[in-house]
Amino acid sequence: IPVSPFDLVIFGGTGDLAQRKILPGLFRRFVAGQIPTESRIIGAARADMDDAGYRDLIRAAIEEHAGKHSADKDAVEDFLRHLSYVPVDAMGEGGWKELQELLVDDEERVRAFYFSVGPNLFGPLAEQLRSHGLAQRESRIVVEKPFGHDLETARALNEELAQHFYEDQIYRIDHYLGKETVQNLMAVRFGNMLFEPLWNAQYIDHIQITVAETVGVGGRGSYYDNSGAMRDMVQNHLMQLLCLIAMEPPARFEADAVRDEKLKVIRALDPVDPDQIVRGQYTSDGTCASYREDAENPASKTESYIALKCFISNWRWANTPFYLRTGKRLSGRASEIAIVFKETPHSIFGIDSGRHRNVLSIRLQPNEGMTLGVTIKEPGPGGMRLVDVPLDMTFADALGEQAEDVTDAYERLIMDVIRGNQTLFMRGDEVEAAWAWTDPLIEGWERRGDNPKPYDAGSAGPDDAAFLINRDGRRWRSIK
Ligand code: NAD
């Protein structure tokens, strides 16, 4: 879909996220012909540098992070010509006038302001944009995570932003929603007759959502120690995935229709019993530091791993467990949603063949894709022996080139901002509802003074997490 020329200001334009994701993503969209030539991309951050210095910085970032397209040197230079830079102080007066002068003076033109800075600057930036007259009706702001630390702070931030911008101008980003396969999940659910009739407690045994990482908290240790896996991953990313799986079909694929349905899911989530939550903390395996060393906090009780079982109290999902887990320094890097269907009620092929379960697996990384496990006859003359085989639902062969060049989540979401499409962004009330669900769980373990269970770096997490699901007669899917 073509877009009109726009001005995009990236606050924090010299930071890690801007260099690794935002600008390489914009470059790829430029190569795809989606950035009209009259558009401007303006880096705004604390560092003192000029346009040439900024272009040098971003040239290097593109070479490192933009994949195969960065080999086209002419394209890189053409793209860099769209860039300029202003040193701006989010907390002070410096740079705002210069920024104003760079923006095209046109009420109708889309201005997007990406807040790729620490969360303490989200409110001040919104205020500065308004007080310096940079925000117009066609302006929008993109707010990074974390959105609040708990319900109270999220509410305060929502209120602060609402003093300067309407809700339809605020784009709270959760890059999980920008992933190709997450959208494919919706296409599969709502574009086929095959799945939706089975998409409920009657046919689905349980659902697993896993986000496993092999890295530790590394350089972010002190920030992370104040947050933990529940705040850093579950409240936002895992919760958003859960909503897309569990929501009722919206009437239209439009921002508020989708977000209304997601909100209903969060509000229908039951509180979780403490014995259905397992928190863990990695210990050193000799080759890497332990969590407590990384966090520089020898007495830390923050979890680098969490697994929990929760239920959605509504007609569709009554008594269907959703098992969620996420952690760092695990044995594999894998993000997966697995929809595990019930066993066939009866096997006509005799005891030996067993009873089978279909599993729809949606992999977000690595190797984004979707497979449906189906049971077929084992080929050959050995009689009616059954085997489970994965049916590839990403159809890389059928889609060829298109499937190969999968758009990165950030570039897709940034273009949605420019187009004014909020469908894949979180609304303020959704974020608050998610905190309202997580807060009591966190308060519970803090009040009890629970210690997270130690687990070896490079393992599958604490043993108790395996028991959490095994005692229900189920098992976690492999994260290798
Ligand atoms: P970073 O520390 O690398 O960069 C911070 C940027 O903010 C720099 O450009 C700096 O100049 C600018 N800045 C700091 N203080 C400023 C001020 N007073 N005025 C103007 N500019 C100022 O941070 P990052 O890793 O790029 O993260 C940015 C945001 O994105 C954070 O909210 C973070 O939580 C979020 N985020 C980052 C990642 C990631 O992979 N890096 C992933 C998800 C979310």
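Which loop holds Pro 366? Pro 366 lies in the loop that joins β12 (357-365) and β13 (369-377). The legends below start with this loop and describe a predicted model.

**View 1. The loop between β12 and β13 holds Pro 366 and Asn 367.** The peptide bond that runs from Gln 365 to Pro 366 is cis, and its omega is near -15°. Asn 367 has a phi near 50°, a positive value in a residue other than glycine. Most residues other than glycine have a negative phi, and most peptide bonds are trans. Asn 367 counts as exposed because 10 other C-beta atoms lie within 10 Å, where the cut-off for an exposed residue is 12 or fewer.

**View 2. A cis peptide bond links Lys 145 to Pro 146.** The omega of this bond is near 0°. Pro 146 is placed in the loop between β5 and α6 (151-162).

**View 3. Glu 296 has a positive phi.** The value is near 50°, in a residue other than glycine. Glu 296 belongs to the loop between α11 (291-294) and β9 (305-310). Glu 296 is exposed, with 11 other C-beta atoms within 10 Å.

**View 4. Helix α2 covers residues 51-65.** The helix has 15 residues, and the distance from its first C-alpha to its last is 21 Å, close to the 21 Å expected at 1.5 Å a residue. The buried residues of α2 are Tyr 54, Arg 55, Leu 57, Ile 58, Ala 61 and Ile 62. Seen down the axis of α2, these buried residues fall within an arc of 160°, so they line one face of the helix. Among the elements that cover the buried residues of α2 are α1, β2 (40-45), α3 (73-80) and β3 (83-87). The face turned away from the buried side of α2 carries the exposed residues Ala 52, Asp 56, Ala 60 and Glu 64. Just after α2, Gly 67 takes a positive phi of about 75°.

**View 5. The ligand is surrounded by 22 residues.** Gly 12, Gly 15, Leu 17, Ala 45 and Ala 90 are the closest of these. Helix α1 (residues 16-31) supplies three residues, the largest share of the shell around the ligand. Sorted by class, the shell around the ligand has eleven nonpolar, six polar and five charged residues.

**View 6. Domain 1 (6-144) and domain 2 (177-470) come from the domain assignment of the protein.** The centres of domain 1 and domain 2, taken over C-alpha atoms, are 32 Å apart. Twelve residues from domain 1 and seven residues from domain 2 take part in the contact. On the side of domain 1 that touches domain 2, the elements that give two or more residues are α1, β4 (110-115) and β5 (139-143). Helix α1 gives the most to this side of domain 1, with six residues. By class, the residues of the side of domain 1 that touches domain 2 are six nonpolar, two polar and four charged.

View 7. On the side of domain 1 that touches domain 2, α1 gives the most residues.

Methods: Residues numbered from 1 in each chain as written. Predicted model: local features only at pLDDT ≥ 70, side-chain atom pairs only at ≥ 80, totals over all residues. Near = placed C-beta within 6 Å. Helix = DSSP H or I, 4+ residues; strand = E, 2+ residues; numbered from the N terminus. Nonpolar A, V, L, I, M, F, W, Y, C, P; charged D, E, K, R; others polar. Expected span 1.5 Å × (residues − 1). Buried ≥ 20, exposed ≤ 12 C-beta atoms within 10 Å, placed from the backbone. Arc of directions from axis to C-beta. Contact = placed C-beta atoms within 7 Å. Domains from an automatic or database assignment.
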